[in-house]
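I opened my notebook to look up a few things in this structure. Here is what I wrote down as I went along.

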Amino acid sequence: MIHILIGGGIGKFDQISQFILENENIFKHIRLSVYDGPNNCKWNGGRINRNCFYNNEQLEFYTKHNIGFKLVFTNDTIDVTDPIGNELLDVFHRTGNGVTLINDGLRRHIRKHYPKYKLTYSITGTDNINIPMNRSDINVYRELEGKYDYIVPRAEHNLDHKLLLLDKSKYELYVTEGCCTCCPVWTEHFASISEGNRNEIIFTESLARKYEDCWLERGSSEFDFDAHILNAEQISILYKKGFMHFKMSGRDADTRPNTGSYTDYLDSLLEIYEKIK
């Protein structure tokens, strides 16, 4: 069964839960997981912390509907003694849940103390890639296969035929990655977001957008944006080739409060369903 992961599991719970209840039939064909970075944890990365806190109602709903939850602990610098991080690991620790991360110390910590989690290596940790993939890229991915249950490859490699040489069951392909090809500030951008979360900066929405929004000139012909977004037909083809896991980027969906575009984000699940049912 195809596995789709969507962002906003806590911050957009109301919309997600309503969508699930209104479209229960599609989940006979799609296994759904959600992810988020709650409770202003210093381990969070990828997006700026936004006072997003879980509650028991949300946990019970996801458990009842057999929906996995992934904590997004993709900060590049981790203190494994952090009380909020370990509290979240305690609360979400059940079979079917996971953690997305890049820090090797945190990986060892979770493997030792929280064995029920499946661990995913984040796209944010991969830099200096080649297009098309070459032997060095394949070696990097294979090394990660030995450490992690799943790997999110760079979206530039989604349609590279050499990705078929790897263990397809371990890869979560990004569906909605809107960054430019071989972004020249990839690592620096994510490091800046990580630093902001570690330092517990209090973000106004305008300041948060300055951290998160693209640092490049999106109208410039110098950069190729949105070239790696997969449509439903491409997802169907990749699924037939053996790729099982597809991740919809929370960074490129509008996961801010009180916005309407998240509805369109969820509706794209219906397009995928129509192709693979």
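**A loop residue**

I began with Val80, which sits in the loop between β3 (68-73) and α3 (83-91). Helices (H or I, at least four residues) and strands (E, at least two) are DSSP runs, numbered from the N terminus. I am working with a predicted model, where local features need pLDDT of at least 70, side-chain atom pairs count only at pLDDT 80 or more, and totals for chains, interfaces and linings use all residues. Residues are numbered from 1 along each chain as its sequence is written, and side-chain values use heavy atoms, with hydrogens and water left out.

Leaving aside neighbours within four places in sequence, I listed the contacts of Val80 as Trp43, Asn86, Gly105, Leu106 and His109. Contact here means heavy atoms within 4.5 Å. I also checked Leu106: its C-alpha is 6.1 Å from that of Val80, although the two are 26 residues apart in sequence.

**A strand residue**

Next I went to Thr120, in strand β5 (residues 118-121). Thr120 is buried, with a relative accessible area of 0%. Its side chain makes a polar contact of 2.5 Å with the side chain of Lys70. For a polar contact I need a pair of N or O atoms within 3.5 Å; within protein, one must be able to donate a hydrogen and the other to accept it, and residues adjacent in sequence count only if both atoms are side-chain atoms. Beyond four places in sequence, Thr120 touches several residues, among them Val99, Tyr148 and Glu172.

**The sheet**

I then traced the open sheet: 8 strands in the order β6-β5-β4-β3-β2-β1-β8-β7, with parallel pairing. β6 (150-151) and β7 (172-174) are at the edges with a single partner strand each, so one side of each has no neighbour in the sheet. Two strands pair if DSSP finds at least two bridges between them. β7 is joined to strand β8 (residues 245-248) by 3 bridges, and Glu172 stands opposite His245 in β8.

**The whole chain**

Last, I stepped back and noted 9 helices and 8 strands in the protein chain. The C-alpha atoms fill a box of roughly 45 × 40 × 40 Å along the principal axes. How many of the 277 residues count as buried? I wrote down 55%.

Terms used
Buried < 20%, exposed > 50% of the residue type's maximum accessible area, 1.4 Å probe, protein only.
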